[in-house]
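Dear colleague,

I am passing on the structure below, together with some notes on what turned up when I went through it.

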Amino acid sequence: MKKNGRFMVGMVGVAAVVTYLAWTGVSEAMVYYLTPVELMQRVEADPTFHDVGVRVSGGVVAGTYQLAEGEHLHTFVVRDLVDEATTFAVEFRDALPPTFSDEAEVVLEGRLRSDGVFEATTLQTKCASRYEAAPEELAG
Amino acid sequence: MTLLGEFALWISLPVALWGMVLGFAGGRTQRGDLVLSAERSIYAVFGLLAIASAGIVAAFLGDRFEYWYVANYANRELELFYKITGLWAGQRGSLLFWALLLGFFSSIAVFTNRKKNREFMPYVAAVLQTVLAFFIVVLLFAEVNPFQRLDFTPANGRGLNPQLQNYWMVIHPPTLYLGFTSFTIPFAFAVSALLAGRLDARWIQLTRRWILTSWLFLSIGIVMGMRWAYLELGWGGYWFWDPVENASLLPWLTATAFLHSIQIQENRGMLKVWNMSLVLLTFLLTLFATFLTRAGLIESVHSFAENITIAMIFLGFMGAVLAASVVLILYRLPQLQSENQIESFVSRESAFLFNNLMLVGAAFSVMFGTMFPLISEAITGTEISVGPAFFQRVNFPIGLVLLALVGIGPVIAWRRATRKNLQRNFATPVVMGLVVAAALWSSGARHALALTTWGIGAFVLTIIVTEFWKGTRARARIEGEGYVLALFHLVTRNRRRWGGYIVHVGMVMLFMAFAGAAYNVDERFFMEPGDVVEVASPMGHTYELRHDGLSVNLANGQRNLLWQAIVTVSVSKDGEPQGLLTTEKRQYTTQDAGSPPMTEVGVKSYPLEDLYLILSELEDLPAAVSADSDAQGLYLQVLVKPLVGWIWFGCLILAAGTVVALWPSADRQRRASADSVEPAAEPAVVAD
Amino acid sequence: MTLYVGVALVAAAVLLFIMQPVVRGLHASLEREDDELTETEARKRVALLALRDVEYDFLAGKLDEQDYRSLKSELTAEALAALEADEAARASDGASSDPDVEEEIARIRDGLRSGVVCDDCGFTNEKGSRFCSACGHALADRVAR
């Protein structure tokens, strides 16, 4: 049984190392994942929240996409998926993901500036096969 | 036809339930008539699901837009090809497709075992029918019926998103699903073995081959997904640690662990509980993967909208499967005792155990990171997610250890390795690894992780090549064969071992390719026609790119295209012309007027790197589209991606190795004399 | 109309197909086939395979002589045990033995029978060995059985 004892020690050791890596990994990569509504609430409650990096998921408001010419500056408005009245403007300076469209669902990473515009550092859009139109939208 | 399909789907449920009940009853009572009926019902369910699927395809082909599913994923102008493959374009159809494939594999399992493994088959049929019944229940009762009709008939459908109109959409889901669904078969055999109490060596042989086949499909499916992302979706990225991506990796990790630890059970009669658990867990994880995608509980670019009904049904079923598995294993615990112990820390058993530890550890941490948003929401009330940095931090060290083990495993001795054994077999490879790392260092590479990966990769490749070399030489000498023939015989006499080595070569290439990302080049230029830009690659080459003109096609609705703006770039490498590359912007009729155009990239692949061109912006889009020849200025993004080609090539090698390992040797048909008995003086290695 | 016909046909076909065994008393076999691998046979195979691997590894230069000899003795003993167990199982099953395997068994038995048992640790060494592969003790010239 002594041999098994040494193995247990070894395995526990490995598990400990992996746990440690996971722990530091979490603290390094951890970011709030909020809806626009939650983001607005937090910012109202705590103005310093403007400096916190967050992840937000929402929907692009159709017709709001614009490309500032020569500047690589994409702007559009994002709304909450549930409460469509809550919106904010987004600025994004990198290349748009190929899946981006006017009515896309997006996941942004960045911060909400004090001027109310969300400065996005990362932008992801949902796979195109995931949008399903409600029956009303299919009419006509 | 579609109505017939709908009917077929409905009656497949009672048939599946019938098969389930009769399978269990037949197994309990050992009544052959019940069992035969249960097995036949598997074929029947497959047939009915095939009719149902045909019904959906018929609806697409017939432009039957009164069907909600068809209206969402097709329109009249859609190419025939995409109408047919519309079956798996969305949530509902892909669920039916999943069930269809499950029925297919179940039929194969029953058919190939109609004359053997008979004690297992009653419960195998029963379990397969249970899983089939589950998916049919989901289809019929969770508001995801592909046959659902609207109250009216739209004049035209929404059409298929242009992004999905490429052959990847056609390849990736099926290959992935082939992997996922086929894991149900070894699961059924495992449960059957537990129920019937047949936990001996025969179960091992049976399960191993199925798991290896499923593993092959899953590996290909995952790499196909990576290739799709690389070419179409992610600006040259191929893995994003997205929740659904992670979920597809989990069963792959546990299946890989099983493929290794099962050898310990074969050789030493150990780890029986562990192996059984891995098989059950792998199946559970395939359910988890599809659950994650379909329930939409965790935000992912792959997940459908949140669907609580599906979530609840899936969670219920997964919970039941988990509970049943635990109970069964505990029930049979006495028969799953280990027959031996591990003798030494430095032995092949130990290396395999370590390999398992690493793989399962990786699986746990990936699962943890993926579920973190839900966990944090449950505990703190706020959703917190972890980005790619978490997964990289945990998995890169694990990956390096695994890579090293790939080299160590085959060469270290069973039971206990002596110092001589270690020195003899590892000295040269270690030196090779260090030499390669040093050579790369001296040529300017400084990225620690990449250098380590490539060094270890060289170590492993040296070991594998040496294995082949030593074996071929020994055989050639003793049998008096030429080297080529010797190699051929060597491999065919022990396909598992040599096939496994080939698979490892593929894996090493994949790892080394991943490390290449450390040296990605990303530059952006503004170019007018005639401009030439230069980009240096980390491999020491220089690419000269010249803007050869922007041409605009006005398609006016053909293939849903409004217009295309194509820039032609001539490419030279170190002064030598390489031909042309194009990259373009396209606007589709199915896009909203306000949407930005979509981009098609241009890629040239070389053995050591890929040249990746993206037309990122047109300087003056409206003018360009109206074919104003003065408005041809544009922003070109140029990426150089080192070693990416090794991913696809490595996958091919991996697949080839798996086929070799799976290939049935003629001896398998012969019975006791199959161990081609030869005098011990020859290095005759026995066929599997 | 054609729909009803189609539906009726499919339903009837399915029903007939799956009910026939129960109604007509057709049975699927639940017996183990004669030529299937039994537990003892599987053990025997694994043992022989391990022996072959050791031979092969030695000839390919992966094992040095000392390791080879000690491993071979160990594995040979195990293989013999597996062979005997399988034989016993076959005898009780009434199955016929394969001549090739018989030959193999005989060969291994002979090798062991003419080997030398170590005084110190009881290990069965190959014929002609002067030192015990397991413990190194000098061997007396004695036959095992």
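In this predicted model, helix H6 (residues 121-141) of chain B and helix H8 (residues 184-196) of chain B have axes that come within 8 Å and cross at roughly 130 degrees. Angles over 145 degrees would count as roughly antiparallel and 65 to 115 as roughly perpendicular, so H6(B) is oblique to H8(B). The crossing in which H6(B) passes H8(B) is right-handed. On the side of H6(B), the residues that meet the other helix are Tyr123(B), Val124(B), Val127(B), Leu128(B) and Val131(B), while H8(B) brings Thr184(B), Ala188(B), Phe189(B), Val191(B), Ser192(B), Leu195(B) and Ala196(B) to the contact. Sorted by class, this contact of H6(B) with H8(B) has 10 nonpolar and 2 polar residues, and no charged ones.

How is chain B divided into domains? The assignment gives domain 1 (1-162), domain 2 (393-518 + 649-664) and domain 3 (520-646). The centres of domain 2 and domain 3 of chain B, taken over C-alpha atoms, are separated by 39 Å, and the contact between these domains takes 7 residues from domain 2 of chain B and 6 residues from domain 3 of chain B. On the side of domain 2 of chain B that touches domain 3 of chain B, helix H18 (495-516) and helix H20 (645-662) of chain B each supply at least two residues, and the largest share, 4 residues, comes from H18(B). That side of domain 2 of chain B divides into 5 nonpolar and 2 polar residues, with no charged residue.

Chain B also has an open sheet, in which 5 strands follow the order S3-S4-S5-S6-S7 with antiparallel pairing. Strand S3 (532-536) and S7 of chain B are at the edges and have a single partner strand each, so that one side of each is left without a neighbour in the sheet. From one strand to the next, the twist averages 25 degrees. Within this chain, strand S5 (residues 561-573) and strand S6 (residues 576-588) of chain B pair in the antiparallel sense over 12 bridges, and Leu561(B) has Tyr588(B) in S6(B) as its bridge partner.

Turning to how the two chains meet, 52 residues of chain B are in contact with 47 residues of chain A. Several elements of chain B give two or more residues to the side that touches chain A, among them helix H9 (201-233), helix H13 (348-380), strand S1 (384-386) and helix H14 (388-411). By class, that side of chain B has 25 nonpolar, 18 polar and 9 charged residues.

Which strand of chain A pairs with S1(B)? It is strand S1 (residues 30-34) of chain A, which pairs with S1(B) in the antiparallel sense over 3 bridges. Here Met30(A) has Val386(B) as its bridge partner, and Val31(A) stands opposite Ser385(B). S1(A) also pairs with strand S2 (residues 54-60) of chain A, in the parallel sense and over 3 bridges, where Tyr33(A) has Arg55(A) in S2(A) as its bridge partner.

With best regards

Key
Residues numbered from 1 in each chain as written. Chains lettered and ligands numbered in written order. Predicted model: local features only at pLDDT ≥ 70, side-chain atom pairs only at ≥ 80, totals over all residues. Nonpolar A, V, L, I, M, F, W, Y, C, P; charged D, E, K, R; others polar. Pairing = 2+ DSSP bridges. Axes fitted to C-alpha atoms, helices over the stretch in contact; angles between N-to-C directions. Domains from an automatic or database assignment. Parallel < 35°, antiparallel > 145°, perpendicular 65-115°, else oblique. Left-handed = near helix turned anticlockwise from the far one by under 90°.
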